[in-house]
Each structure stands twice: as structure tokens, then as C-alpha cells.
Amino acid sequence: LVKLVERTVRSEYKRSADRPIYIVGESLGACIALDIAARNPDVDLVLILANPATSFSRSQLQSLIPVLQVMPDQLSLYFSYMLNLASGDPLRMAFENVAKGLMPHQIVGELTQDLVAMSSYLCVLADMLPRETLLWKLQMLKSASSSANSHLHAVKNQALLLCSGKDQLFPSEEEAQRLYRMLPKCEKRVFEESGHFLFLVGLSLSLSLSLPLSLSCFVNNQQHENGFDGKEDGFDLVTAIKGASFYRQGKYLDYVSDYIPPTPYEFKKIYESNRWVLAVTSPVMLSTLEDGKVVRGLAGIPSEGPVLYVGYHMLLGFELAPLVLQFLMERNILLRGIAHPMMFTRAKEGRMLDLGSFDTYRLMGAVPVSGSNFYKLLSSKSHALLYPGGVREALHRKGEEYKLFWPEQSEFVRMASRFGAKIVPFGVVGEDDVGELVFDYNDQMQIPSLRTFIKELTEEVVHLRIDASGEVSNQDVYLPGVVPKLPGRFYYYFGKPIETKERKEELRNRERAHEVYLHVKTEVEKCIAYLKERREEDPYRNLMTRLVYQATHGFEAEVPTFEL
């Protein structure tokens, strides 16, 4: 099997040596993928490994081999039953008895009363998995596991581990952590509610190839009748690859050109997971038309890129989900957020959040902040989202809500003018209506253990603005203590777009560019001040009044706000 797949890999490599080759392997297939990677260090392979069988020696399946070797053929029926994972207790009891050294006939005796209740499909299972076949498959798993483990030291390839939280065949979570530590270019994702077979399409195919035609049709028909769509609930292979930033077309990942927008299925899943945020905050979005008129909705947002949205970052980025989702739903505009590198890289043994926590941001187009990524976004006419206040603004202290922490010098105006990008200043308010910051950075730095934790956490992440002066240079990472409130409402106000297309030459001058920078900052502050004042006039600012309105007008109805 290794040589068979290897021939295909070498053939593809000869045809396109400058492009990566993806090998997706589940269980036994993951072992084969690891062996091929170890044998072909010159090939740019990307490994996608689902519940690798490298943990076979620590699984309960290994205990079956000595039993099957001495068991008569006529007793294979009972082992079909043992492999029926729906009956977990008899299976575990059988494994325990094997470990105690009991003989097969003794094990069978203890299973007899359970077998009375078995349905007639057991004869089909017995035909499907005769003793010789099962023994052969288990020995192949043992051999593949042993081979892959002996070659792990030679695997230097990029690898994505997909493990199931409810795998009853292998200790997949434990094995994923072991492989994560051993493989140098490895990421892992855990799917807590999934069983061993993440790729049910592959399972259906293997069953169809090994069963009689009638049973094969029965299996496939039953899958369709029960709503199986080729993947376990909550798992999609392409989404996992994209979310982990594992899709690339060349030798190195390009966050701009390699990006694939979310599919309708992916957007639906993201929207459903954030539906509660939209429901409790009922966002009000205002934009400014060319004539200066303020309207509800995003009609004033430019359709054609490049466009740069520059605004205020609420505490912990509370405003992001409604903002990005509403742009895509109302205007079919994908906002490409320029984000902190901590969302893309992490020390393996560090204290930072697992990178899987940020998969949704990457799936929706976020890129790590850098001059080159900023350049690529604008040159590709994207709609880019920039927060000059960055981490300092999103992790502000008590009493600092709605205060901007921007660098003293312009960071984006000259780049925007180079591509004639429109700059849209915007403000957002509402964080003080959903929670109260009670335990901030200053409080935590007074406690020695927390002070040490913050310093260790900050040391792990990429340091930005090390040459900046003032508060914006304080990029310490901490987790604010917030007490939730009965939710109020989020308000967004997008000011009139600022043109740079006809000012390209003028804005090459640093002083002129700085004047525009200060103008943008002033406009953001005006947007915030406008929203803070006008929200006082909103009769539906409180959650309870909104619920009453929706109870009479329908929960999908748009809740009114203050008059414009």
C-alpha cells in the first residue's frame, strides 16, 4: 500500500514539483501517509491525518489478535457482535476477560445472555467480517502502526491532526497530543462530538467495495434515509483545512492569494454559531451617503475596492462578529481583518489559547498584520479592516472605553493612497451595555502570580510596535475580568468615505499624509461621540423592550432605533 501510494505521489511530483501534494489519511491511511512522508523528504507533502492508527498498540483492538488466532471459525459470529460498538459494555467486558487470560469459550459463555437479544443482522455481520478477514485487518493495522512510529523522526512535513473526542477504537486525543509534540510542523484540531470515522464517505466506499451488492445498496440507502451527507455532524474536511490555514498553492502560504472565501455551508455554520450574539445585541448599523446623509444600513459603503475601514476596537473585539457577518449578508462584502499574529502562530507548550480558537477568523479572511499583507490586500482591491489601536485598545483598562490608542505617526495613509483606496472611518459603541470591566490589567499586575502569568503570556506572542512611544507600545496580553449585564445594544456608524485616488502624489509627502491620518482619527472620534449621544434616544436600547417588540412583530423583524 505504501509503495502504491508512493508511486502516485512521485508521479504527481514530477508533473508539478513546485506545488504541494496533500495526502489525506484516516486511521490506517494516516500511517501510510506518515511512512510516505518519511521516505520522500524531497517532496513538498502536506499531511492531513485523521485519528491515526499509530496508537494501535495502546488500543483495545490489539487484544483481539491472540484471541482470533486460537478461535474456531464457527465462533466468528460472536466477534462480529463484539465489534458492534453500540454495545459498549459487553465489548469492554470481553476485553477485560482477555486481559485476565480467560480462554475464548469462557468469554463466549459470558456473552451468551447478551446474544439472545441480538437481531437477525448478526448473520450479515458474520459474513462481512469472518475471522480470517478480521485477523488480517488487525495485523495490517499493527504492522502499519509499528512502521509509522519507527519513522516519525524523519517526518518534517507540515501536518494537520484531526482527532475525535468520542473515538471508541483508538485513544485518538492522547495520540494527537503525542504526535503534536513529536512532529515539528504540526497543528491539531479536536472534534469533541465525533466518533472514529470522521470521513464517512470513505467508510461508505469501503463497505460498498467489500460487501455483497445487496448489502452495499442497503448500507448506502440507509445512510441517505438517515440524513448522512458524507461527513460526521459538525465536521467538514475542507473547512478544517481552510480554518487551520493549511491550504496553499505554492511552497509558502500566501494569506491573500491562497485564501478561499467561505462557502454557503461554512457561512451558515458561522452565522448559526453567532446567532445569539446578533439576537442579544440587535446591532444598529448606520452609514453615510455621498451627499452626507446618514442612513440606516450599509448603503453608504463603497461597492468597489480597495476600501480600508479604520475604527475603534471594543473590549475583546466584541464588535467583530456582527460587523463581519452583516457586511457579508447585506452587501456581499467580505471584510479582510488585519489581525494580531497570535491568531496564527503559537508556541507548542505555551499558555496561549489553542489556535483552533481562531479558525473562524481565518475562515472569514483574517490575515496577520504585516506590511506585505497590507500591500497585497489593497493591491487585490480587497475590503480591509484595520484597528490602529490593536491589542492595547482591545485590552483596555477600566475607564478607557471608547478611548483611541493610536500610534503618533501615520501607519496606513500612504499605503492606501498608493492604490487609491477609499478610507472609511467608523465608530462603534455598546461594550458598556453588555458588560462591566471589574478586573483589569492594573488590578492583575498587583498580584504576583498573575503578573508573572501576564509576562509569560506576552513573551510567547510576536511583539509589535516595539519602536512606538506612549501607551500604544504597551502590548501586554491579559484576560480582562468582565461581569455581564442585561444586554443593551451595539451601534455602528460609518462616516463618509475619504478619497485618496486623486491625491496619490500629494500624500507621498509625510506631513500631508499625517494630516489625513489625524483627520481620520478625528472622524472616528466623532462617530463614537455621535453614537454615544444618539443611543440615549433609542427606545429599544434595552433588551426587554426589544423582546416585547419582537413578540408582537415577529422575532425576525428588524427592531427600530432612534430617528435619523
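Predicted model: local features only at pLDDT ≥ 70, side-chain atom pairs only at ≥ 80, totals over all residues.
Residues are numbered from 1 along each chain as its sequence is written, and side-chain values use heavy atoms, without hydrogens or water. Local features need pLDDT of at least 70 and side-chain atom pairs count only at pLDDT 80 or more, while totals for chains, interfaces and linings use all residues.

**View 1. Helices H1 and H2 pack together.** Helix H1 covers residues 2–15 and helix H2 residues 28–39 (helices are DSSP runs of H or I with at least four residues, strands are runs of E with at least two, both numbered from the N terminus). Their axes lie 10 Å apart at an angle of about 55° (axes are lines fitted to C-alpha atoms, for helices over the stretch in contact, and angles run from 0 to 180 degrees between N-to-C directions).

**View 2. Helices H13 and H14 cross at roughly 120°.** The axes of H13 (residues 264–281) and H14 (residues 320–331) come within 10 Å. That angle makes H13 oblique to H14.

**View 3. Glu 175 sits in helix H9.** Look for this residue within residues 172–182. Glu 175 is buried, as its relative accessible area is 0% (buried means under 20%, exposed over 50%, partly exposed in between, with a 1.4 Å probe and protein chains only).

**View 4. Phe 439 belongs to strand S12.** The strand spans residues 435–439. With 31% relative accessibility, Phe 439 counts as partly exposed.

How values were computed: Parallel < 35°, antiparallel > 145°, perpendicular 65-115°, else oblique.
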